[in-house]
Amino acid sequence: MIIRFYGTRGSIPVANKGTKKYGGNTTCLYVESKYDDVLVIDAGTGIRELGVYLLQNKKEKIHLIFTHYHWDHIQGFPFFTPIFFKNNTIKIYGSKKESTARKALSYQMTRPYFPVEMNNLPAEISFHELQKRNTIAGITIQTIVNNHPDYTLGLKLSEGKRSFVLLTDNELYAKNGNTPYEGFVEFIKGADFCIHDAQYTDEIYDKRIGWGHSTYSQVMKLVKDAGVKMVYFTHHDHGYDDQFIDSMVRKMKRKYPRVGIEAAADGKKVVLK
Ligand SMILES: [Zn+2]
Ligand SMILES: [Zn+2]
């Protein structure tokens, strides 16, 4: 699998000098299987740039998975140019538990919010429900229910012996959450790396309990307990600049010298073979 981050910011896009290194686009992850199939996870603002890449490279069969339908994970969809070309086939996957992808995407493409409606898009678009275990674009995808306001899925993607986990928008120690902490430890075990929401510091967390996000320290404990050797922090808080994120990565590296630690950055590519 080739994995590329197109959006790593949480809640709202930011664009200023202080966010050049990690980028300011909201969540979007691109995965290419060994058969060149195209898989996209979430349609935050980062999906705009990915759409340009897909058109230029004539990748016309697209699988788009949604972890959930909060605005920062769907807001780029109206600017995902493949939807405006009729030779593109876009299969959209998500949970139907509390809402559906069709409903979420249609609502934001309704006047007066956006001039083109979902029903008038030229691409061939279909909707599918994510199951506990799926095979999409040749990749096995297992799901877990995150602890987050509104139903949200965590994903484990496996191809052959390689696998990684994406847990974005997840509060590891949520009281009365959907999944206990130990469930996430089990879920990420054996993965080559884990991408996890690290929106907060320990200092601010007390004021953010129940908001559905985790701290850098909580994420480090998770990967250590599961024996996972590499972690990427994501869903960076919109108030954190590059310098601050760097300082948090350094701090965690001092505490956990045996774990590979990086903050995910828009444009960063990871090859898993
Ligand atoms: Zn989010
Ligand atoms: Zn969310």
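Start with the donors of the zinc ion (ligand 1): along the chain they follow the spacing D-H-x95-D-x65-H. This is a predicted model, in which local features need pLDDT of at least 70, side-chain atom pairs count only at pLDDT 80 or more, and totals for chains, interfaces and linings use all residues. Residues are numbered from 1 along each chain as its sequence is written, chains are lettered from A and ligands numbered from 1 in the order in which they are written, and side-chain values use heavy atoms, with hydrogens and water left out.

**The zinc site**

Select D72, H73, D169 and H235. They coordinate the zinc ion (ligand 1) through OD, NE2, OD and NE2 respectively, at 2.1 to 2.3 Å. Donors here are N, O and S atoms within 2.8 Å of the metal (3.2 Å for Na, K and Ca); water is not among the atoms, so sites may look incomplete. The angles between the four donor atoms run from 93 to 165°, which makes the arrangement irregular. Four donors count as tetrahedral if all angles lie between 85 and 135 degrees; four count as square planar and six as octahedral if opposite donors are over 155 degrees apart and all others between 65 and 115; anything else is irregular.

D169 bridges it and the zinc ion (ligand 1), and the two ions lie 3.5 Å apart. D169 sits in the loop between β10 (162–167) and α4 (181–188), while H235 sits in the loop between β12 (230–234) and α7 (242–255), so the pair, 66 residues apart, links distant parts of the chain. Helices (H or I, at least four residues) and strands (E, at least two) are DSSP runs, numbered from the N terminus.

Stay on D169. Its phi is near 60°, a positive value in a residue other than glycine. D169 is buried, with a relative accessible area of 1%, and H235 is buried at 0%. Buried means under 20% relative accessible area, exposed over 50%, and partly exposed in between (1.4 Å probe, protein chains only).

**Helix α4**

Next select α4 and colour Y181, F184, V185, F187 and I188, which are buried. They cover an arc of only 165° around the axis, which puts them on the same side of α4; the arc is that of the directions from the helix axis to the C-beta atoms. E182 and E186, on the other side of α4, are exposed. The buried residues of α4 pack against β8 (139–145), β9 (153–159), β10, β11 (193–197) and α6.

Zoom in on I188. Leaving aside neighbours within four places in sequence, I188 is in contact (heavy atoms within 4.5 Å) with residues including K156, V165, L167, C194 and L222. Just after α4, G190 takes a positive phi of about 85°.

**The largest nonpolar core**

I188 also belongs to the largest nonpolar core, which has 32 residues; L167, I188, M220, F233 and I261 touch the most other members. A nonpolar core is a set of buried Ala, Val, Leu, Ile, Met, Phe, Trp, Tyr and Cys residues joined through side-chain atoms within 4.5 Å. The elements that give two or more residues to this core are β10, α4, α6 (216–226), β12, α7 and β13 (260–263). Of these, α6 gives the most, with six residues.

**Strand β11**

Select β11. Five of the five residues of β11 are buried, so the strand is largely enclosed by the rest of the structure. On one side are F193, I195 and D197, and on the other C194 and H196. β11 pairs with β10 in the parallel sense over four bridges; two strands pair if DSSP finds at least two bridges between them. L166 stands opposite I195 in β11.

**Two loops**

Go to the loop between α3 (101–108) and β6 (124–129), where P112 lies. A cis peptide bond joins R111 and P112, with omega about 10°.

Then move to the loop between β7 (133–136) and β8, which holds A137. A137 has a positive phi of about 55° although it is not a glycine. A137 is buried, with a relative accessible area of 8%.

**Last stop: I2**

Finish in strand β1 (residues 2–7), where I2 is found. I2 is partly exposed, with a relative accessible area of 22%. Not counting residues up to four places away in sequence, I2 touches Y30, V31, E32, K269, V270 and V271. I2 and H235 are 233 residues apart in sequence and 20 Å apart in space, C-alpha to C-alpha.
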